[in-house]
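Colleague: Could you take me through the terms you use for this model, setting each value against its definition?

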Amino acid sequence: MSHHEISCGLEYITTPNLQECLSEALQSSYAFIVMPIVHPRFRRSHQSSVGTVGGFSRSDMLLASQDWNSRIVGKLSHYLDLDSESPIIRQRHEDCLNEELTYSRGLGLPAVMLSLHSTNVSNLARNVLSYLDTSHHPTLIWSYVPMFCQRTLRDQESEENENIEVWDEPWRWWSTFHERINWDKRVGVVVEIPANLPPQEILKRWLGEPIKAIVVPTSLFHNNKKGYPVLSRAHQQLVVEMIEHEAQVIVSGARRSNIEYYLQYLYRLWKKRPYIADDPMLSYAKGWEDYLQIPLQPLADNLDTHTYNVFEKDPIKYDQYQKAIAQALTDIQKKRKGESINNESLSASTDIINSDTKESGQGDNALKEIDKAITVMVLGAGRGPLVRATLNAADITQSKVKVVAVEKNPCAVVVLTALAKEVWHNRDVTVIPGDMRQINLSPKADIIVSELLGSWGDNELSPECLDGAAGLLKSAGISIPREYSSYVAPISSARLWAAAKVANVTSCQMEKNLETLWVVYMQNKHDIGEIKPVFTFEHPAKGVKDHKGKEVLDYRGLPVTDNRRSTVLSWEVKQDNVMHGFGGYFDCLLYGKEMISIVPSTHSPGMISWFPVFIPIKTPLRVKKGETIKATFWRCRNPRKVWYEWIVEVGIRATPMHNNNGRSSEMLL
């Protein structure tokens, strides 16, 4: 559903005249109606349909086929209990369900709504799965639940806002049913909004579920001074949040006002929300919500023009880089000036004691150091945005710079060369084609600048690239970025998990899909725990030490680094939930105080270059309040590739080891 649209339906408890009901709704601008599949005037036989004559509902000839296919949501009989303790009732209701589902399939309904009443849903789930597997028509199943359980409220004789159990129970009905059908993406939930809203953590948990629609009873509306129906502020906020998560709205209940007024009010409410263009990230991510993408591998693959275009549209990232480079240039100038003053003082003292011209000449050479150009190497220069940022920073700080742009992508080298000749011809810019890990340049750089970070920080091999290029930097040189960390939080998102599972349809690939990191703008998810750091890398990196405590050097005389990592994280579960994986983020200290971040609490405002990552687990884990989630992550490598492995433990339960030896996803060196 587009961010500029809202889809509203009207529920009819009974439809004495189906054509009139549909016409009434359409004339009032409702998109669809919800109606019972079975007409109450038709008597149903509880015997097998074999040998019987007659129908149990209306003829499909009452409406045109396009109306059935797009404007009718069928509601299954609410009393059906396929998991009754009575075998007779269980079998009768199973026959009735299959009869109604078969008729719905014949009508070609876009969605069918069923009601959940308890966590005892195994037989219901079995029949629904059978229907989905054998249906040639893409009918969706909408599972209706109230937001709180009246039965639990009566049994415990407690106010609903004081007893969390009345809010937890309906969620358990739905999550148990969803689990029984293996989180099938064709099945969603419809939630009825109550008059008294639950605590905020309950609402956030529902926002992590695949909500297809919300039922807004007319009893929630009250008339304003002009006599028009309106909602309370709390209900307004909830309705807008649900619609932003692609939920449709179903108006239900007694006609307390003209039915057009309810729809007009909902349209106004939707248009009054904060304008999307005010947030560059929301505007950029429009249409990409919950859409999974494989992370880039710029080291193994050359990026295309379209990808460069997307990255270069981010003004915030390059503005931060420019500030960091300007700060680095200023610090180098200050350092050189300080060294120059010290050398001048030393030279003057030496002249008094010894008038040797050679000594005096050494002081003069030291004084000239401050006038030398500062060498800035841009590693992985792409089509030049960091070169522009460096030149701008030099102008701002009035620094003399020599820029060396290193790039391995032949297409990008063509662009850089043209820019150096046509745009930067009056600046000291040199283009060097080649892999930063394999070239040797002189003089060495005072500053190296790179943008090699992925959505999870190091997942595009920034550590390996910068460690391989360490020989290009002076011993006291500056690396931008200076430090970056990856983060994770356990999340509940059946939609993302189901999308990852079926991203590729072969059974072999399904297994691999759940061992792969996915780049995605996560909307339909709920955080089960707080965000915690995983791996941290610093540049220039410190080398490993031998048993004597001495730094180990390679054949080039550079420190030998070890970018393997492992970490163990734990979270205490605050409320019952189902864990489907992790949300992954990163932040980065460029230089000084300049940072870029996609961690939600510190997200760089307006920065659009990176979406987070979704790290799935093979089997979703049901977690209960008070339990501890323990997750272990490894960053592994061999001479050919780098990969991640992970495992999750909750009490005595544990997932399988994910991505062992990089069998499903890897980053090629």
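This is a predicted model: local features need pLDDT of at least 70, side-chain atom pairs count only at pLDDT 80 or more; totals for chains, interfaces and linings use all residues.

Colleague: What makes β14 and β15 a pair, and how many bridges join them?

Modeller: Strands pair if DSSP finds at least two bridges between them, and β14 (residues 445–450) is joined to β15 by 4 bridges, the two running parallel. The names come from DSSP runs numbered from the N terminus, where a strand is E over at least two residues and a helix is H or I over at least four.

Colleague: In what order do the 5 strands of the open sheet stand?

Modeller: The order is β13-β12-β11-β14-β15, with parallel pairing. Because β13 (429–433) and β15 (473–480) each have a single partner strand, they stand at the edges, and one side of each is left without a neighbour in the sheet. On average, neighbouring strands of this sheet are turned by 25° against each other, direction ignored.

Helix α15 (residues 410–422) packs on this sheet and touches β12 (401–407) and β13, its direction making about 160° with that of β13; contact here means heavy atoms within 4.5 Å.

Colleague: Which strands make up the closed barrel?

Modeller: The barrel has 8 strands, running β1-β2-β3-β4-β5-β6-β7-β10 with parallel pairing. From one strand to the next, the twist averages 25°. Between β1 (residues 8–11) and β10 (residues 248–252), which run parallel, there are 3 bridges, and Cys 8 has Val 249 in β10 as its bridge partner.

Colleague: Why are α8 and α9 called roughly perpendicular?

Modeller: The axes of α8 (residues 233–244) and α9 (residues 259–271) come within 10 Å and cross at roughly 75°. Axes are lines fitted to C-alpha atoms, for helices over the stretch in contact, and angles run from 0 to 180 degrees between N-to-C directions. Angles under 35 degrees count as roughly parallel, over 145 as roughly antiparallel, 65 to 115 as roughly perpendicular and the rest as oblique; α8 and α9 are therefore roughly perpendicular to each other.

In their contact, Gln 236, Val 239, Val 240, Ile 243 and Glu 244 of α8 meet Tyr 265, Leu 266, Leu 269 and Trp 270 of α9. By class, this contact has 7 nonpolar, 1 polar and 1 charged residues, where Ala, Val, Leu, Ile, Met, Phe, Trp, Tyr, Cys and Pro count as nonpolar, Asp, Glu, Lys and Arg as charged, and the others, Gly among them, as polar.

Colleague: What is the phi of Asn 182, and where does Asn 182 lie?

Modeller: Asn 182 has a positive phi of about 60° although this residue is not a glycine, and Asn 182 is found in the loop between α6 (165–180) and β6 (187–192).

Key. Residues are numbered from 1 along each chain as its sequence is written. Side-chain values use heavy atoms; hydrogens and water are left out.
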